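Here are a few notes to read alongside the model. Keep the structure open and follow the points one at a time.

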Amino acid sequence: AAGQGKQSVWIPAGAMAARTTNGAAAGTSETTTNKVMLKTLDFDTATQEFAQFQIRMPKSWNVSTVTFTPVWSHASTTTNFGVVWALQGLALSDNEAADTAFGTEQTSTDTGGTTDKIYIGPESSAITIGSTPAAQDYVVFQVKRNPSDGSDTMAIDARLHGVLLNFTTNAATDA
């Protein structure tokens with residue numbers, strides 16, 4: 001049984017929806033030797049692109065901040081391997097309008113370097129969820145690449161495999 005404290009859930013790129021406006025492209029690639037299939041969302045180097053996922057948070061969620069850790073890769077390129085990922089969230093309770101502003105984003109900056117190598121970025125700072133979070137809220141998260149950030153230097157698509165979403169619980173169960 002899980003205790004209270006920091007918990008995490010894996011959100012694969014395949015479970016995310018690219019935004020209609022400036023959405024990331026769905027991607028698949030196959031490694032050369034062992035034919036490992038990689039299902040990703042591919043984020044552009046020049047245009048800021050987005051994807052979203054939703055979670056109904058557990059009753060035991062402490063309705064506070066969350067963090068994220070991106071898992072990503074890239075195709076062949078020769079120099080400049082920096083990528084800046086960002087995540088923001090929006091909590092929706094029963095009978096609330098979906099068209100509500102997201103909270104302030106936080107970022108995870110990482111450096112790649114080798115084609116088809118898996119990179120696990122650093123955990124982000126605490127992300128404040130927009131609106132007024134409550135237990136069991138439906139939370140919409142938006143992930144993006146920040147190509148205009150000075151630390152984002154990679155001149156090709158960055159391939160997001162998914163994110164590890166971290167949150168804190170204040171009860172041992174959801175009973």
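1. First, a term you'll need: two residues are in contact when they have heavy atoms within 4.5 Å of each other. Also keep in mind that this is a predicted model.

2. Let's start with Asn146. You'll find Asn146 in the loop that runs between β10 (138–145) and β11 (158–169). Leaving aside residues up to four places away in sequence, Asn146 touches Gln48, Val84, Ala86, Glu105, Thr107 and Asp152.

3. Is Asn146 buried or exposed? The cut-off for buried is under 20% relative accessible area. Asn146 has 8% relative accessibility, so Asn146 counts as buried.

4. Now zoom out to the sheet. Five strands make up an open sheet, with antiparallel pairing, and the order is β2-β5-β10-β7-β8. At the edges sit β2 (17–18) and β8 (106–111), each pairing on one side only.

5. Have a look at β7 (residues 82–92) next. Strand β7 pairs with β10 over eight bridges, in the antiparallel sense. Ala86 is opposite Lys144 in β10, and Ala86 is also one of the residues that Asn146 touches.

6. On to the inside. The largest nonpolar core counts 30 residues, and Met16, Phe43, Phe53, Val66, Trp85, Leu87 and Phe141 have the most contacts inside it. Two or more core residues come from each of β4 (37–43), β5 (50–56), β6 (67–74), β7, β10 and β11. Which element gives the largest share of this core? That's β11, with five residues.

7. Finally, click on Phe43. Not counting residues up to four places away in sequence, Phe43 has contacts that include Trp85, Val143, Lys144 and Leu160.

Methods. Residues are numbered from 1 along each chain as its sequence is written. This is a predicted model: local features need pLDDT of at least 70, side-chain atom pairs count only at pLDDT 80 or more; totals for chains, interfaces and linings use all residues. Side-chain values use heavy atoms; hydrogens and water are left out. Helices (H or I, at least four residues) and strands (E, at least two) are DSSP runs, numbered from the N terminus. Buried means under 20% relative accessible area, exposed over 50%, partly exposed in between (1.4 Å probe, protein chains only). Two strands pair if DSSP finds at least two bridges between them. A nonpolar core is a set of buried Ala, Val, Leu, Ile, Met, Phe, Trp, Tyr and Cys residues joined through side-chain atoms within 4.5 Å.
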